[in-house]
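Biologist: I would like to learn how to read a structure like this one. Could you take me through some features, step by step?

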Amino acid sequence: MRHPGWLKVFAALFLLGVLPGLLPAVERVVLQLKWRHQFQFAGYYAARELGYYADAGLDVEIRPAVPGLDPAVEVSQGRVAFGVGSSEILINRHNGMDIVVLAAICQHSPYVILVPESSGIRTVHELVGKRIMFEPQAAEIEAFLRNEGVHSFSRIFHSHNPLDIVTGRADAMTAYVTTEPFILSHAGIPTRRFLPEQGGVDFYNDCLFVDGRVLEDKPEMVRQFREASLKGWRYAFERPQQIIDLIIKKYDRGLSRAFLENEMREMRKLVLPELVDVGHINPGRWKHIADTYVGLGLLPKQYSLEGFIWRPQGAGGSSPLQWLLVAGATALLLFLGIVLPVVLINRRLREGEARRQVLFDNSPLPIVWAYTDGRLEFVNRRFVTFFGYDLSETPTIISWATLVIADEAGQATMRRLWEEVKAGSSSANGQGQSADLAVRCRDGVRREVVVLAQRAGGRIVIMFDDITERSRAEQALRMRITMLTGDNGSGGIDIASLFDIEELQAIQDSFAEATGVASLITTPEGIPVTRPSNFCTICKDIIRTTERGRENCRLSDALVGRYNPDGPNVQPCISGGLWDAGASITVGGRHIANWLVGQVRCEEMDETLMAAYAREIGADPERYIEAMKQVPVMQEEHFRKIADFLFKLAKELSIKAYRNVQQARFIVDLEKARERQKELQSQLVQSQKLESIGTMASGVAHEINNPLMSMINFSELIRDRLDLLPASERGVIDQIRAFAGETIDEGQRIAGIVRNLLAFSRQEGESEMAANMREILDGLLSLIGRLLDKDEISVSIDISPDLPGMVCRPRQIQQVLLNLVTNARDALNERYPGSHPDKRLQILVVSAMREGRAWVRTTIRDNGPGISKEIQNRIFDPFFTTKATGKGTGLGLSISYGIVRDHGGVIELESREGGPTFFHVWLPAGVA
């Protein structure tokens with residue numbers, strides 16, 4: 001039956017008019033992010049791409065931000081409905097923006113202040129007067145600085161280029177802990193972080209908020225958007241790799257997977273999805289945040305949180321029946337007012353405990369929770385499988401340490417770390433205390449671990465990271481570098497020190513399989529380095545099983561592998577008649593290995609000759625001939641092509657070997673250069689100290705000298721004129737003469753100090769001349785020898801007979817040695833006030849090489865109490881002294897340092913507490 005055309009038209013009109021009304025409406029909304037696309041906003045991507053928004057009837061556009069854009073402004077001006085912002089949205093609301101916070105994604109602040117490690121800034125207090133790049137919405141950083149007393153600094157525009165703190169545009173920058181530290185770390189730039197929580201400032205962040213007008217008009221839509229978003233966040237942390245794949249595919253802006261994975265790990269620490277409901281808001285914490293803003297002057301004291309925090313509620317008025325229901329519910333809640341809170345709290349605690357148990361039990365790292373008195377509360381499964389001990393066997397941290405830590409030094413380290421964490425101290429980046437330890441597990445295996453301990457409320461959590469393999473790899477690398485750079489970089493080198501043998505084995509196996517020949521790498525003497533590849537039965541199971549056969553094989557391998565820089569060696573094997581070829585592997589012209597191939601037949605075999613050879617080496621002739629039949633047959637021309645390819649491959653290995661040696665030398669040279677740079681920087685700092693103090697010393701010395709000389713002269717005149725007074729005043733005369741004498745003596749002492757100051761400032765000159773160290777020391781002992789005898793100090797002098805000549809200013813060098821010997825005398829008298837057999841002073845003068853040239857090295861050794869490490873870096877500083885007042889000026893070693901430096905020499909200290917102490921004076925050898 002055919003329907004009339006008007007019926008079709010009617011049906012079409014009906015569907016067009018009615019069907020859309022039956023379908024759920026889709027509402028389009030915009031979410032404004034606070035930054036560009038990255039894992040920081042993963043939950044919203046998950047909600048959109050997994051259909052959570054669509055299920056709520058929402059078509060959501062996720063809009064990234066650009067530098068300078070404020071999501072709060074976008075929301076308040078109606079361009080978007082939802083935004084992501086920092087806790088500053090509270091300030092925005094007070095300033096008239098009608099915005100309501102729906103959820104706090106980050107429970108901890110992601111903001112940090114970042115400085116390069118090379119800046120020398122060690123504490124937040126050293127940021128006073130520095131230039132800090134401030135990004136918008138970082139008021140909590142201001143609160144942190146204020147709490148730490150850092151009020152004076154320069155705020156500069158934030159370029160969002162972390163390299164600006166390296167190039168000098170800024171000294172520090174506000175940053176996200178999830179982003180900039182990773183970027184700088186991968187650029188090879190270590191950084192130091194200052195976290196607001198270290199100053200008691202820990203704000204919510206990445207807060208989801210909504211336009212208040214949208215909330216009033218469409219409360220159900222807002223509720224559904226919030227629930228879908230939080231559902232997306234929970235999914236993002238359950239399956240982070242899937243969401244990272246999604247970001248790379250659909251929200252890519254060139255970020256690497258490593259970056260996104262690092263960001264995910266850092267976000268997990270901020271969001272705490274295993275411990276806290278995602279998006280959780282505590283009104284009391286918002287009150288604390290607001291109080292902090294009041295202290296900064298950003299909010300008035302009479303601020304109000306009313307209407308700022310979203311609370312789900314129904315729309316419309318209340319009927320009498322609703323009031324009745326509310327009253328009944330209120331009575332019921334009053335009745336349960338005691339029981340219900342307890343039930344809910346206990347349930348929450350059980351849930352939290354279960355979450356913690358699951359989190360730590362499934363951790364790949366061994367983890368311990370301990371009470372502050374040392375009792376262990378909880379150990380996870382990995383702890384038991386790693387160390388081999390459970391909680392019943394190690395109930396305390398002490399019992400664990402006694403069983404597991406391998407040595408007394410390690411146990412002392414663990415005790416110190418425990419006490420520091422228990423006292424509440426933490427490392428510079430706020431991540432607890434850490435230490436490297438060697439441990440001995442129950443299975444007897446010794447492992448190396450990094451221990452990280454941190455206080456968490458009334459507990460201490462300890463984690464262990466196994467670094468055994470990393471340590472072994474580092475040690476192997478150091479040994480390899482040592483081998484490559486020893487013996488002038490060539491004599492001690494073998495192939496095992498240049499290549500990973502297993503990698504060579506894989507290359508050899510592939511070559512043998514591709515070409516159909518047997519393959520083996522040996523030393524130049526024929527000793528195998530790798531395992532044989534594709535060896536025939538005749539070689540492996542017959543020839544090499546007899547002593548004569550093995551000897552012939554070694555001899556043949558050595559011949560075919562002999563050094564030949566022009567091409568491969570190709571010849572019949574003397575152990576069985578098979579064809580073999582070899583190529584040399586060299587480094588810097590040194591033959592270090594042979595790569596041998598072969599075990600092929602190029603022509604028909606003569607069974608009579610084969611049988612005779614089998615008998616000669618002591619093998620079964622029949623088995624020998626049968627095995628020979630299994631050897632692959634190959635045309636000689638084809639085999640020679642394989643040999644040519646082998647030669648090229650060996651040549652490439654030789655080039656790689658040489659590069660390995662050069663790289664090792666470069667690493668060693670670089671380390672030496674760094675050490676030398678540190679030494680030169682230290683010398684430069686010392687030189688600058690001496691230069692500045694020398695300028696001052698010169699001025700002071702000249703200003704003092706004139707009145708000092710007048711004082712001494714007038715005192716001498718007074719003393720000389722006393723004889724003119726009447727004899728009857730003898731008592732007074734003698735007293736005045738004594739006073740004048742004291743004045744002259746003290747004046748002369750000051751004059752000596754002035755002369756030292758002038759010498760220190762290099763204003764007193766002396767011509768350089770050829771000098772002999774023995775003569776300098778003879779003059780020295782004539783000055784101080786009697787004092788040393790008086791103090792019962794035995795002196796031994798050992799001067800090498802083959803000393804080279806040197807050019808110097810002898811009086812100044814004598815002054816240097818006099819200062820050092822005087823200090824040694826004081827040290828010996830301090831340790832041994834009376835006579836003692838160890839009260840000895842030794843002077844040793846030898847010829848020595850340093851930096852490729854000849855030097856004269858004079859060493860002053862004493863058995864005094866030694867010099868502690870804490871002050872060794874200061875002993876050459878002007879006016880630094882450990883002697884009692886009046887016993888020394890603190891200029892002696894500074895003057896000595898300057899004199900030796902001016903001679904192009906070096907003065908070095910070698911000492912420890914308890915002695916002995918060595919001062920080495922290096923002076924360049926040479927003739928006038």
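Predicted model: local features only at pLDDT ≥ 70, side-chain atom pairs only at ≥ 80, totals over all residues.

Biologist: Let's begin with charges. How many salt bridges does the structure hold?

Modeller: Here is the general idea: side chains of opposite charge can pair when their charged atoms come close. In this structure there are 35 salt bridges. One of them joins D171 and R131, with 3.1 Å between the closest N and O atoms. This pair links distant parts of the chain, 40 residues apart: D171 sits in the loop between α7 (164–167) and β8 (172–176), and R131 in strand β6 (residues 131–134). R131 is partly exposed, at 30% relative accessibility.

Biologist: What separates E636 and R640 in helix α26?

Modeller: About one helical turn, because the two residues are four apart in that helix. E636 and R640 form a salt bridge, and their closest N and O atoms are 3.0 Å apart. Both ends are partly exposed: E636 has a relative accessible area of 31%, and R640 has 36% relative accessibility.

Biologist: And which residue forms a salt bridge with D791?

Modeller: That is R825, with the closest N and O atoms 2.5 Å apart. D791 lies in the loop between α28 (773–790) and β21 (794–799), while R825 belongs to helix α29 (residues 810–831), so the pair ties together parts 34 residues apart in sequence.

Biologist: Are D791 and R825 buried or exposed?

Modeller: The cut-off to apply is that buried means under 20% relative accessible area. D791 has 14%, so it is buried. R825, at 17% relative accessibility, is buried as well. Salt bridges can also be linked in a network, and here R28, D59, E61 and R63 are linked in that way.

Biologist: Now for single residues. Where is W310 found?

Modeller: Look in the loop between α13 (283–296) and α14 (320–335). W310 is buried, since its relative accessible area is 14%. To see what surrounds such a residue, look past its sequence neighbours. Leaving out residues up to four places away in sequence, W310 touches V100, V101, L102, L215, V222, R223 and R226.

Biologist: Which side chain does a polar contact join to that of N569?

Modeller: The side chain of N564, at 3.1 Å. N569 is in strand β17 (residues 569–572), and it is buried because its relative accessible area is 4%. Its contacts beyond four places in sequence include L559, V560, D580 and A581.

Biologist: What about L452 in its strand, β14?

Modeller: Strand β14 covers residues 446–456. L452 is partly exposed, with a relative accessible area of 30%.

Biologist: Last, the surface. Which residues form a nonpolar patch there?

Modeller: F666, I667 and L670 do, and together they have about 250 Å² of accessible area. L670 lies in helix α26 (residues 636–721). With a relative accessible area of 33%, L670 counts as partly exposed.

Definitions and conventions
Residues numbered from 1 in each chain as written. Heavy atoms only, no water. Buried < 20%, exposed > 50% of the residue type's maximum accessible area, 1.4 Å probe, protein only. Polar contact = N/O pair within 3.5 Å; in protein donor to acceptor, adjacent residues only side chain to side chain. Contact = heavy atoms within 4.5 Å. Patch = residues over 30% accessible without salt bridge, like charges linked within 9 Å, V, L, I, M, F, W, Y side chains within 5 Å. Areas by Shrake-Rupley, 256 points an atom, 1.4 Å probe, with all protein chains shown as cover. Salt bridge = Lys/Arg side-chain N within 4 Å of Asp/Glu carboxyl O.
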